[in-house]
Amino acid sequence: MNHQQSSLLLPKPFGALLARLPAYPGSVLLVAALNAGVARQLPPDVGERLLHKRLRIHVRDACMTFDFTWSGRGFAARVPQDSADLCISASAHDFVRLAQRQEDPDTLFFSRRLSMEGDTELGLVVKNTLDALELPVLDLAQLAPRQLLARLAALRATRSSQPPPAGGFHSGAPHPGAPP
């Protein structure tokens, strides 16, 4: 590893601190992002190939591992286990660059900054599928607290201006059969 690559890694004490965090909540957040960006676009044949496979993302320098599976309807977090059918590993910086479409997975793989362990055929299916999908580019500026709060406020305003769903409850009107 050259000096430039090592300077892009999280410091070891920070990784050691992150390693103490429980893994499952992170897996829940990851599958929420995958379901928002990938699940609806997943071709049926790829979904069949992924069905109930134990998948893992390992962020080496952060000492964090995210376990999940494809349920047929969406991705679902899994409790960490000893093994996975496919484990994809890289540094936090390299995963961010992949999500921002600033780095190609093949370049990272051949420079040994990205690795796949387990079912390599499944790994190629995942890689080729992600390359073919129209995915939003990760914009880290959108994750700044001010932008997140603005989007949440806009979402609330949109929801409050929509009429209630048919058969829904209306404020002030009791539900039929509700106790007086």
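Three aromatic pairs turn up in a search of the whole structure, where rings of Phe, Tyr and Trp (its six-membered ring) pair if their centres lie within 6.5 Å, with planes under 30 degrees apart counted as stacked, over 60 as edge-to-face and the rest as tilted. One of them joins Trp70 and Phe75 edge-to-face, at 4.8 Å centre to centre and 65° between the planes. Trp70 is buried, with a relative accessible area of 5%, and Phe75 is likewise counted as buried at 9%; the cut-offs are under 20% relative accessible area for buried, over 50% for exposed and partly exposed in between (1.4 Å probe, protein chains only). Another edge-to-face pair, Phe109 and Phe110, has 5.4 Å centre to centre and 80° between the planes. Here Phe109 is partly exposed at 37%, while Phe110 is exposed at 66%. Phe68, Trp70 and Phe75 form one aromatic cluster.

A word on the basis of these values: this is a predicted model, in which local features need pLDDT of at least 70 and side-chain atom pairs count only at pLDDT 80 or more, whereas totals for chains, interfaces and linings use all residues. Residues are numbered from 1 along each chain as its sequence is written, and side-chain values use heavy atoms, with hydrogens and water left out.

With strand 1 the pairing is antiparallel over five bridges, and Ile57 has Phe66 as its bridge partner. Four residues separate these strands in a hairpin, and Cys63 in the turn has a positive phi of about 55°. With strand 3 the pairing is antiparallel over three bridges, and Trp70 stands opposite Phe75. This hairpin also has four residues between its strands, with Gly72 in the turn at a positive phi of about 105°.

Six of the seven residues of strand 2 are buried. Beyond four places in sequence, Leu50 is in contact (heavy atoms within 4.5 Å) with Leu42, Leu55, Trp70, Leu122 and Val126.

Confidence, given as pLDDT from 0 to 100 for each residue, averages 80 over the chain, and 75% of the residues score at least 70. Residues 168-180 stay under 50.

Technical notes:
pLDDT is the predictor's confidence in each residue, from 0 to 100. Helices (H or I, at least four residues) and strands (E, at least two) are DSSP runs, numbered from the N terminus. Two strands pair if DSSP finds at least two bridges between them.
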